[in-house]
Number of protein chains: 2
Amino acid sequence: MSAPTVDTAAVTETVTGLATAAKAASRSLATLSTAQKNTVLVAAAEAIEAASATIVAANDADIAAAEAAGTEASLLDRLRLTPERVTGIAAGLRQVAALADPVGEVLAGRTLANGLTLRQVRVPLGVVGIVYEARPNVTVDAFGIGFKSGNAVLLRGSGSAAESNAALVAVLREVLAAHGVNPDAVALLPSHDRASVTALIQARGLVDVVIPRGGAGLINAVVANATVPTIETGTGNCHVYVHSSADLDMAETVVINAKTRRPSVCNTAETVLIDEAIADVALPRLTEALRASGVTIHGDEEGMEPADEKDWSEEYLSLDIAVRRVAGLDDAIEHIGRYGTGHTEAIITADLAAANEFTRRVDAAAVIVNASTAFTDGEQFGFGAEIGISTQKLHARGPMGLPELTSTKWIVWGDGQIRPV
Amino acid sequence: MSAPTVDTAAVTETVTGLATAAKAASRSLATLSTAQKNTVLVAAAEAIEAASATIVAANDADIAAAEAAGTEASLLDRLRLTPERVTGIAAGLRQVAALADPVGEVLAGRTLANGLTLRQVRVPLGVVGIVYEARPNVTVDAFGIGFKSGNAVLLRGSGSAAESNAALVAVLREVLAAHGVNPDAVALLPSHDRASVTALIQARGLVDVVIPRGGAGLINAVVANATVPTIETGTGNCHVYVHSSADLDMAETVVINAKTRRPSVCNTAETVLIDEAIADVALPRLTEALRASGVTIHGDEEGMEPADEKDWSEEYLSLDIAVRRVAGLDDAIEHIGRYGTGHTEAIITADLAAANEFTRRVDAAAVIVNASTAFTDGEQFGFGAEIGISTQKLHARGPMGLPELTSTKWIVWGDGQIRPV
């Protein structure tokens, strides 16, 4: 499969056109009632199930092209849609329909001395751009969560899922139109080159926020070139610190789960820090258990794969882990401060003061005591749906559900008040 | 006064050094108790009062340089510090000390089925950069609100206030050191060229957020070049729409107040939209009243200064206003959607449906019914202190007080929970 020639100007024009249409659509979305939105979401679930054969056929074309290009098995699996997976996608839409609508929630309010009444009300962000990779289910999930929160969504999926995404978005747009909703509330951007990403992240005034979902390379490129506000997601160089007071049975169970449950996701553990005071026992025990689970150990100790700066600072996203001795709590917190990405950091300890100190001082979206890093996830946190995990401190931090796709508006009512000089 | 030669590399190194030191200081700030912070703020107020003569002398040097450079009177007034103004600055610190501490507030929490307990806790952003213009009181205000919310602040003030700002920051740093707090919690960046702004907005990993306060030019330059998250503030092309049902006495009072109270601030009205249905009466009446208050009228009607696209799209920030007839509510909302900057939009109406429609559909930080646009202000809204008025939708929208200078952290406690596959 040869890459098509890139006509950057044409791609930019296409993206700007779709963004302009999405902006117009977003104005009407903001005033839809919750009942109207839920009706559309349920209808979309039904339409996706009804179009299952067409969607799977489109996906077959993507899979065939990916196979011809020599794509590895794990990526093929992420790309693949089956009738069961299509049913799962539809179920996701029904779940979002059942969630509370964040739009219109009154967050604060007061009456001023002069009689003015103030209300701070949740409103949609407007147009949300999402840049993501292989999995086509994200296409529908992002539409669902974006639509429920009153936003138009511009989807820039993976080129490898182009046919699948096109089939899914065609169904969604048809459902919108059939329900009298502007179908430009969801649009798929060209995905064959980076020009569409650049156009999206620079569509200031049309796009309200861009959420890049993917590896560190994508996120850095987006942040470096964006003029639209962005929410960084997902890069997780997560640590488990085994404190001197740790129950080693618990430490072993948690470390194995945090590393091996799903090594390729952002909340997987990438480094284990072991307190010097218990290292003689804990280090051989944990490394042995990890090796028995198929994990390769990187570090400075004998018998490990030699580690360099990259081992401490980057995610493996594979059955690899770095292991290091630390002098104590301060040393662990310092290591995490230097190498962590602010995603999820865990401590295993029986000591209350250590647990408090760790949670107070570690600067991350989620700080966990005596549990697996794998819990940092919108569904686990009870949000019902998640658009990503923010690793930045602005707007949202950690798993982002429906409320994180909203902004606020102050509504002020008076009867002629003016402000004295 | 000749501009010093710019050594960009040296400026960048200086800024990076100060940002690195601020990052280190921010770690200790995050764990200060409210009592400790309040003690420092009150001590800083006293120290500023005690150093009043030194501060005013430093300001005299700035004023002399500005006069020599031919600076206009209104800017000189913004730059000037008197003993009374210094007392006012100190009073501002005492006010911030009296406000509730946002850090540590628990915003949400739950216990999961597996026994994990979750708490979402407010934490400081970390290092906040503020880019601002002439007024030296902002230097202390920004420190006060930043410090109370647990943040280190990097201040990039105006070159014209360099001596005043240096004198103020020297006092603040001394007070911090005397109270055992890392003085790098506040630092003044070089201000003689734009290189320090560029270095600040690209100090990713060191600076958590940059808040540009100033004109559209500064804000656009910051947004275009920043890799650090930014919060846009202050550009306010605000409208007052006089609906067909408006009480014209109220309309006149509000429009005059919204335009003339302080023409140079962001919440001043820049355009009046008059409903066609009442224009024959309302238009001459309002324009006459505005002219009687010394306001120049721009527009397409006879006797007005001819208006072009700039008159509708840009702020005057002076005793000028644009006036236009609109066909009705839809037309007014469309005009505002096209030209507004999302700051403050007002309607004068006696009609409930029109008021509801306007507040629901207009996309701005503040939407006001029957009152002056001048109320969009942190102090008026009851925040007690304000760091700026956000015109973007991400993180904060409208006046930003102490809570808007915080992020959140999820703290999860368990007793060995792992996540099933």
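This is a predicted model: local features need pLDDT of at least 70, side-chain atom pairs count only at pLDDT 80 or more; totals for chains, interfaces and linings use all residues.
Which residues of strand β6 (residues 209–212) of chain B are buried on one side, and which on the other? V209(B) and I211(B) lie on one side and V210(B) and P212(B) on the other, and with these residues buried both faces of the strand are covered.

**Domains of chain A**

- The domain assignment divides chain A into domain 1, made up of 8–232 + 395–412, and domain 2, which covers 238–375.
- Between the C-alpha centres of domain 1 of chain A and domain 2 of chain A there is a distance of 35 Å.
- An unreviewed UniProt entry places the feature "domain: Aldehyde dehydrogenase" at residues 12–293 of chain A, and over these residues the chain is 52% helix and 15% strand, with its end C-alpha atoms 48 Å apart.

**The four-stranded sheet of chain A**

- Four strands of chain A form an open sheet in the order β5-β4-β3-β6, and the pairing in this sheet is parallel.
- The edges of the sheet are taken by β5 (186–188) and β6 (209–212) of chain A, and because each has a single partner strand, one side of each is left without a neighbour in the sheet.
- On average, and with direction ignored, neighbouring strands of this sheet are turned by 15 degrees against each other.
- Within the sheet, strand β3 (residues 127–131) of chain A runs parallel to strand β4 (residues 152–156) of chain A and is joined to that strand by five bridges, with L154(A) in β4(A) as the bridge partner of G129(A).
- Helix α6 (residues 137–148) of chain A lies across β3, β4 and β5 of chain A, and the helix runs at about 160 degrees to β4(A).

**Strand pairs within chain B**

- Strand β3 (residues 127–131) of chain B pairs with β6(B) in the parallel sense over four bridges, and in this pair G129(B) stands opposite V210(B), one of the buried residues of β6(B).
- In a regular strand, side chains alternate between the two faces of the sheet.
- Strand β11 (residues 320–326) of chain B has five of its seven residues buried, so this strand is largely enclosed by the rest of the structure.
- One parallel partner of β11(B) is strand β8 (residues 269–275) of chain B, with five bridges between them, and here V272(B) has V323(B) in β11(B) as its bridge partner.
- Strand β9 (residues 296–299) of chain B also pairs with β11(B) in the parallel sense, over four bridges, and in this pairing H298(B) stands opposite A322(B).

**Where chain A and chain B meet**

- Contact between the chains involves 74 residues of chain B and 74 residues of chain A.
- The two chains bury about 6100 Å² between them, 56% of it on carbon and sulfur atoms, and on the chain B side L394(B), W410(B) and R419(B) lose the most area to chain A, together 14% of what that side buries.
- An open sheet of 10 strands, with mixed pairing, contains strands of both chains in the order β10(A)-β9(A)-β11(A)-β8(A)-β7(A)-β12(A)-β13(A)-β16(B)-β2(B)-β1(B).
- The edge strands of this sheet are β10 (305–306) of chain A and β1 (106–111) of chain B, each of which pairs on one side only.
- Strand β2 (residues 117–124) of chain B pairs in the antiparallel sense with strand β16 (residues 406–417) of chain B over eight bridges, and T408(B) in β16(B) is the bridge partner of R122(B).

**Two buried residues**

- D275(A), found in strand β8 (residues 269–275) of chain A, counts as buried because its relative accessibility of 3% falls under 20%.
- Although 32 residues separate D275(A) from H243(A) in sequence, their C-alpha atoms are 5.4 Å apart in space.
- Beyond its neighbours within four places in sequence, D275(A) is in contact with residues including Y241(A), H243(A), V326(A) and L329(A).
- F358(B) has its place in helix α14 (residues 352–361) of chain B and is buried, with a relative accessible area of 0%.
- From F358(B) to I347(B) the separation is 11 residues in sequence and 7.3 Å in space, C-alpha to C-alpha.
- With neighbours within four places in sequence left aside, the residues in contact with F358(B) include Y241(B), L329(B), I333(B), I347(B) and V367(B).

Key. Residues are numbered from 1 along each chain as its sequence is written. Chains are lettered from A and ligands numbered from 1 in the order in which they are written. Side-chain values use heavy atoms; hydrogens and water are left out. Two strands pair if DSSP finds at least two bridges between them. Axes are lines fitted to C-alpha atoms, for helices over the stretch in contact, and angles run from 0 to 180 degrees between N-to-C directions. Contact means heavy atoms within 4.5 Å. Domain bounds come from an automatic or database domain assignment. Buried means under 20% relative accessible area, exposed over 50%, partly exposed in between (1.4 Å probe, protein chains only). UniProt positions are given in the numbering used here, feature names are shortened, and annotations may be inferred rather than shown by experiment. Buried area is the accessible area (1.4 Å probe) that two parts lose on being put together, summed over both.
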